[in-house]
Amino acid sequence: MDDGRPLFVQIALQVEAAVLEGSLAEGERAPSTNELASFHRINPATAAKGINLLVDRGILVKRRGLGMFVADGARELLRAERQQRFADDYIAPMLDEARAIGLSPEDVVGLIRTHMNHSQVKEKAE
């Protein structure tokens with residue numbers, strides 16, 4: 001763990017990834033701040049800060065006396081957030097560049113399909 005981002009952000013991203021991939025299911029108890037702190041050898045307050053980011057966004061819910069649990073709809077919420085981020089970070093700049101070099105929407109779709117087909121052929125060959 002150390003990709004240059006604050007540790008609490010990395011904790012939140014790790015839990016998010018587990019929810020997205022399904023290894024941490026909706027309704028399931030999430031790791032406690034003490035478990036995360038012990039596992040990553042960090043201060044429990046740092047782990048709590050990461051967990052609280054997810055609580056604030058509705059990904060995790062607190063159940064008094066029981067701990068943190070993955071909220072109903074958390075996986076879909078995370079997917080929607082990631083899709084929006086993908087559109088903002090990749091699609092919008094790609095479309096701006098496409099316009100700048102005179103590509104039509106159909107041209108862009110064609111390029112994407114061609115690239116995907118080449119990627120699939122390459123994967124099968126490996």
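**Notes on the predicted model**

1. Let's start with Glu16, which sits in helix α1 (helices are DSSP runs of H or I with at least four residues, strands are E runs of at least two, and both are numbered from the N terminus). This is a predicted model, where local features need pLDDT of at least 70 and side-chain atom pairs count only at pLDDT 80 or more, while totals for chains, interfaces and linings use all residues. Residues are numbered from 1 along each chain as its sequence is written, and side-chain values use heavy atoms, with hydrogens and water left out.

2. Glu16 counts as buried because its relative accessibility is 5% (buried is under 20% relative accessible area, exposed over 50%, partly exposed in between, with a 1.4 Å probe and protein chains only). Setting aside neighbours within four places in sequence, Glu16 is in contact with Leu54, Arg57 and Leu78 (contact means heavy atoms within 4.5 Å).

3. On to the core. The largest nonpolar core has 21 residues, and Leu24 and Leu60 touch the most other members (such a core is a set of buried Ala, Val, Leu, Ile, Met, Phe, Trp, Tyr and Cys residues joined through side-chain atoms within 4.5 Å). Two or more of its residues come from each of α1 (7–21), α2 (33–40), α3 (44–56), β2 (67–70) and α4. The largest share is that of α1, with six residues. Not counting residues up to four places away in sequence, Leu24 touches Val15, Ala18, Val19, Arg29, Ala30, Pro31 and Val70.

4. There's also a nonpolar patch on the surface: Met94, Leu95, Ile112 and Met116, with about 310 Å² of accessible area together. Patch members have over 30% relative accessible area and no salt bridge, and nonpolar side chains (Val, Leu, Ile, Met, Phe, Trp, Tyr) are joined within 5 Å, like charges within 9 Å. A salt bridge is a side-chain nitrogen of Lys or Arg within 4 Å of a carboxyl oxygen of Asp or Glu. Areas are Shrake-Rupley values with a 1.4 Å probe, and for residues only the protein chains shown count as cover. Both α4 (74–100) and α5 (105–125) supply at least two residues of the patch. Ile112, in helix α5, is partly exposed, with a relative accessible area of 36%.

5. Most residues other than glycine have a negative phi. Arg41 counts as exposed, at 79% relative accessibility.
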